[in-house]
Amino acid sequence: MIENHIRILAEAYDAGAEEEYQRLAESGRKLLEFERVCDAVESRIKADDVIVDIGSGPGRYAEYFLDKGYRLGCVDLSARSLKLFSDRISDRHNEKLIFNKVSCATQLHWIDDDTADALLLMGPMYHLTTSEKRLKVLRQCQRILKPDGHLFVMYMSPHPVFSTEPWLQNNMLQHPNGIVTYTSFKERIVPQFRCTAVQASEEAAPYFESTQRVEIFDSETNNANDSAPQYLMIYKNSKRFNQTS
Ligand SMILES: C[S@@+](CC[C@H](N)C(=O)[O-])C[C@H]1O[C@@H](n2cnc3c(N)ncnc32)[C@H](O)[C@@H]1O
């Protein structure tokens, strides 16, 4: 059975698929986000590597990496986003696109062990509100990633919402793993899980070693009107370490 909040997210992102596609090209700042993520991934992969993009949305990143010659699989809750992507790339990348499938990030058992050299998780983690579900995703990611692979996770920062809303500061103390705020997207109320990089690293520690945090926006450009400043955590798989210890 599909859980209610997962169904709402799928409906919201179905309704906002075109908007999501435009998002990364709507301003210089968003182009910077796109470039920073692409640079972070490309500096850690080599020709012929396999990338799996979980929460790929309408596939702006996926298309970029396919155009660069990598093999790639896409997963998203939003069937409409995946269809926009497959229509756009049409037959250009048949051999390189290994799957393009509607699935929840918590249900990745259908992907083989050691499939990916790089895993992108840029969406699901900041919409999953319980640590139990986020850990389930991280566990699956570790299994799907090759032993020396990298996981790229986008998180939402508690700042600046945190710094302008006193009630959130108390909430943060009571919930040391992070906080959940809500926003309206396409007339649906969707949750946004927010945590600090320290909290993110601690949660991922059973499976991944944190190697770097990449700021998506510079602190000078963050302002109180921007409710969604994000940062990218780059994790290295600890599988080899776990297996030998
Ligand atoms: C803000 S969009 C980001 C899309 C793309 N990764 C990017 O960075 O431009 C978030 C995406 O994550 C997807 N998503 C959210 N929760 C998910 C989950 N539990 N499983 C799979 N996809 C999910 C949404 O459907 C949406 O397409």
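A residue is buried if 20 or more other C-beta atoms, placed from the backbone, lie within 10 Å of its own, exposed if 12 or fewer, and partly exposed in between.

**Figure 1. Welcome to the whole protein.** This is a predicted model, in which local features need pLDDT of at least 70 and side-chain atom pairs count only at pLDDT 80 or more, while totals for chains, interfaces and linings use all residues. Residues are numbered from 1 along each chain as its sequence is written. Of the 245 residues in the protein, 35% are buried. The protein has ten helices and nine strands (DSSP runs numbered from the N terminus: helices are H or I, at least four residues, and strands are E, at least two).

**Figure 2. The surroundings of the ligand.** Around the ligand sit 20 residues, the closest being Y13, G55, G57, A105 and G123 (near means a C-beta atom, placed from the backbone, within 6 Å). Two or more shell residues come from each of α1 (4–15), α4 (60–67) and β2 (71–76).

**Figure 3. Two residues with positive phi.** S90 is not a glycine, yet its phi is positive, about 40 degrees. Look for S90 in the loop between α5 (79–89) and β3 (97–102). S90 is exposed because 8 other C-beta atoms lie within 10 Å. D114, also a residue other than glycine, has a positive phi near 50 degrees, and its place is the loop between β3 and β4 (116–121). D114 counts as partly exposed because it has 14 C-beta neighbours inside 10 Å.

**Figure 4. A stretch to view with care.** Residues 218–225 have pLDDT below 50 (the predictor's confidence in each residue, from 0 to 100). Where pLDDT is low, the predicted coordinates should not be read in detail.

Note on methods
Two residues are in contact if their C-beta atoms, placed from the backbone, lie within 7 Å.
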